[in-house]
Amino acid sequence: MLKVTLKQSTPIKLDVEFSCESGETLALVGPSGAGKSTVLRCIAGLSLAAQGQVLCKDETWFDSDTSVNKTPQQRRVGMVFQNYALFPHLTVADNIKLALDKRIPDSHYTIDKLLDQVNLSGLEQRYPAQLSGGQQQRVALARALARQPQVLLLDEPFSAVDKVTRRKLYLELNTLRRHLDMPVILVTHDLDEAAMLADSLCVIHHGKTLQHGSPEQVLYQPMNSAVARQVDVRNILKGRLKVHHGKLMLEWHHYVFSVSRLTGFVEEQDVFFALSPAKILLHQRVRPSRGEQENPVAGIIRDRVTLRGITTVLFSVELAKGAILQMDLPEHVAMRNKLNIGEVIRVSLLSDAIHVMAE
């Protein structure tokens, strides 16, 4: 297991705490400048935090209280940099050989095995300039694994390749990581990438850990509005909790909504709430839908856009001072219901789709 606690106020503010089990992939997500790459550098020993600990299995790599700070060479870390950092004058085999543990007696066999792992067999005598971006990324990954690391660190490893290549690399890394018995820390600002590849997410903003949990928890049940904004929740609204007919309910403008989960909240509390665009239920014009009486609202379509079979509809809600909501629908549903700009639509904000958060 890798356990990380880092704190400092300068030069880059850090207040980070997380852990990652062997065989698990943890994604550090957040905007550019949030401190994600600095955290990786502190784990690898390339940067020194003012306070904290970095523990790997039974080893202490860094402890500010006891003045322990192992060098990068003393830490068994494999790292893939954003720009890969391959030596241009060395072949693929020689780039990997530099990172091999000298205690391994049969280096040639190990290089062959590593190249096979990353699907580069037969390219060992090529130079980096003779490789595509995706192939260079694979070489960098093989070199990181050549150290037989206790921790694998990936610093935005897919940002330099095109979308088609990136998708192939996702699949390859997803297959490879099942055979890695070590914590894997992935830095990315791409939420889809993080959700696809990671077992858990740690949201960092301004150097501070905002939430650490499974992709489902972080993306669909953010702890507060700050996390919701960082993970790109599209419908974030503000309301107030009040008791109606003996039940705690959510007031929003002139609407009163029933909500499935309100544990830990109290009457007269101001809250934020989120609605997944995919979970807003359209009242179909062709055929009535079930659930039309559950938190119904009406609105006027202001805009719509279709991408890869999904139509996103933006509509202003009546009785809500023109508040705009986004709703995602399959393209054929939007076409069948003639959801054109200016049309009036009716939807339901289902009670189990409303996620209430503290301010």
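## A loop with a positive phi

Lys-321 sits in the loop between S18 and strand S19 (324-330); helices (H or I, at least four residues) and strands (E, at least two) are DSSP runs, numbered from the N terminus. Phi of Lys-321 is near 55°, a positive value in a residue that isn't glycine. Lys-321 is also exposed, at 79% relative accessible area. As for the wording, buried means under 20% relative accessible area, exposed over 50%, and partly exposed in between, with a 1.4 Å probe and protein chains only.

A word on the model: it is predicted, so local features need pLDDT of at least 70 and side-chain atom pairs count only at pLDDT 80 or more, while totals for chains, interfaces and linings use all residues. Residues are numbered from 1 along each chain as its sequence is written, and side-chain values use heavy atoms, with hydrogens and water left out.

Gln-148 belongs to the loop between helix H4 (133-146) and S8, and its 42% relative accessibility makes it partly exposed.

Then there's the loop between strand S1 (2-8) and strand S2 (14-20), which holds Pro-11. The peptide bond joining Thr-10 and Pro-11 is cis, with omega about -5°.

## Helix H1

Helix H1 (residues 36-44) has seven of its nine residues buried, so it is largely enclosed by the rest of the structure. The buried ones are Lys-36, Thr-38, Val-39, Leu-40, Cys-42, Ile-43 and Ala-44. After H1 comes Gly-45, with a positive phi near 90°.

S7 pairs with strand S8 (residues 151-155) in the parallel sense, over four bridges; two strands count as paired if DSSP finds at least two bridges between them. Gly-78 has Leu-152 of S8 opposite.

Val-80 turns up again in the lining of the largest cavity, along with Gln-137, Leu-141, Leu-154, Pro-157, Phe-158 and Leu-173. The structure holds one cavity of 30 Å³ or more, and about 30 Å³ of space lies in the largest cavity. By class, this lining has six nonpolar residues, one polar and no charged. Here Ala, Val, Leu, Ile, Met, Phe, Trp, Tyr, Cys and Pro count as nonpolar, Asp, Glu, Lys and Arg as charged, and the others, Gly among them, as polar.

For the terms: on a 1 Å grid over the protein atoms alone, a cavity is a set of points where a 1.4 Å probe fits but cannot get out, and a pocket is an open set with protein on both sides within 12 Å along at least five of seven lines; lining residues have an atom within 4 Å of a point. Grid points are joined across faces, edges and corners, and a volume is the space filled by probe spheres set on the points.

## The five-stranded sheet

An open sheet of five strands runs in the order S14-S13-S12-S15-S21, with antiparallel pairing. Strand S14 (255-257) and strand S21 (354-358) are at the edges with a single partner strand each, so one side of each has no neighbour in the sheet. The twist averages 45° from one strand to the next, with axes being lines fitted to C-alpha atoms and angles running from 0 to 180 degrees between N-to-C directions.

Strand S15 (residues 270-275) and S21 pair in the antiparallel sense over five bridges. Phe-273 stands opposite Val-356 in S21.

## The largest pocket

About 1200 Å³ of space lies in the largest pocket. Its lining takes in 36 residues, with Leu-191, Asp-192, Tyr-220, Asp-232 and Arg-234 nearest the centre. Helix H5 (163-177), helix H6 (191-197), helix H7 (215-220), S15, strand S17 (296-307), strand S18 (310-317) and S21 each give two or more residues. H6 supplies the largest share, five residues. By class, the lining splits into 18 nonpolar, four polar and 14 charged residues.

Tyr-220 is in helix H7 and counts as partly exposed, at 44% relative accessibility. Leaving aside residues up to four places away in sequence, Tyr-220 touches Pro-215 and His-355, where contact means heavy atoms within 4.5 Å.
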